[in-house]
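Please read them with the model open.

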Amino acid sequence: MQVLPNITIEHYLSLSAVLFCLGLFGMMFRKNAIIIFMCVELMLNAVNLALVAFSKIHGDTDGQIFVFFIMVVAAAEVAVGLAILMMLYRNMHTTDTDELNSLKG
Amino acid sequence: MLTEYAFWLLSFIAVFSGMAVIISKNPVYSVLYLIMTFFSIAGHYFLMNAQFLAAVHIIVYAGAIMVLFLYVIMMLNLNNIETEKRHNIIKLLAVSAAGLLLLVLSGAVQKADEIAVSGQVGAAGMVENLGIALYRNYLLPFELASVLFLAAMVGAVYLSKKNLNETQSA
């Protein structure tokens, strides 16, 4: 007798959707720019999970190659983003996104 | 059987620590919870027989990116408990927007075909196959990625220089 159902693509896609929405929620909910960066990472990872699941059911490497390139872009994004954040903190002494409003017209 | 239990355990850990990232007041705790999420996602990659990707994921995310986050938080001395207050209307909008997106996505996922993931055998995630695909079919994007890294590196170094105006005039 089977206690738990088999793991289908639906389970992985649901998990991916939940993680993506958590990241989106955090991006809108928090004010600290560093936490917002972390939420972007969470969303990228949710997409990676869905891509790996698709790659698994098709028995194809292309999805996993795409995950590699997403990781590359995420690493570059974090390096530049954190440098910008350091710069902002040095000049404005805050990472609160509500106070970093000098760009509004 | 074991993979089903592992899937639910890892999913629970991932969602729980994902929520903890958003909820915790101290940014250092957020980073640690995010590392926990990344480890559980790496466990999912192992379950899906993508061993190389799991190893790379742990090395790149837990090893490099999160260390960078911790460095910046410690350097800027942000590890104090912040008392941030959002307007209630923004909180409501955030909850409703994320909830509606989740509703739409889960509605779309319900239509997915019942394809078992754990039952399939495939060597797609092995180093050999990935290497062949990466260096044969995706050589140009691979090289372009290195250019992107170089640009990001130069940009990060340039941005974090102390006083741009003084160094330019000197």
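1. In chain B, helix α1 (residues 2-23) packs on helix α2 (residues 27-47) at about 155 degrees, the axes being 8 Å apart. That angle makes α1(B) roughly antiparallel to α2(B) (over 145 degrees). Axes are lines fitted to C-alpha atoms over the stretch in contact, and angles run from 0 to 180 degrees between N-to-C directions. Helices are DSSP runs of H or I with at least four residues, numbered from the N terminus.

2. This is a predicted model, in which local features need pLDDT of at least 70 and side-chain atom pairs pLDDT 80 or more, while totals for chains, interfaces and linings use all residues. Residues are numbered from 1 along each chain as written, with chains lettered from A in the order written.

3. The contact (C-beta atoms, placed from the backbone, within 7 Å) includes B:Phe7, B:Leu10 and B:Ile13 from α1(B), and B:Tyr33, B:Leu34 and B:Ile41 from α2(B). Its residues are twelve nonpolar, eight polar and no charged. Nonpolar covers Ala, Val, Leu, Ile, Met, Phe, Trp, Tyr, Cys and Pro; charged covers Asp, Glu, Lys and Arg; the others, Gly among them, are polar.

4. Between chains, 59 residues of chain A contact 72 of chain B. α3(A) gives the most to chain A's side, with 19 residues. That side has 40 nonpolar, twelve polar and seven charged residues.

5. The axes of α2(A) and α3(B) come within 12 Å and cross at roughly 175 degrees; the two helices are therefore roughly antiparallel. A:Glu41 of α2(A) is among the contact residues, as is B:Phe69 of α3(B). By class, eight residues are nonpolar, none polar and one charged.

Conventions:
Parallel < 35°, antiparallel > 145°, perpendicular 65-115°, else oblique. Contact = placed C-beta atoms within 7 Å.
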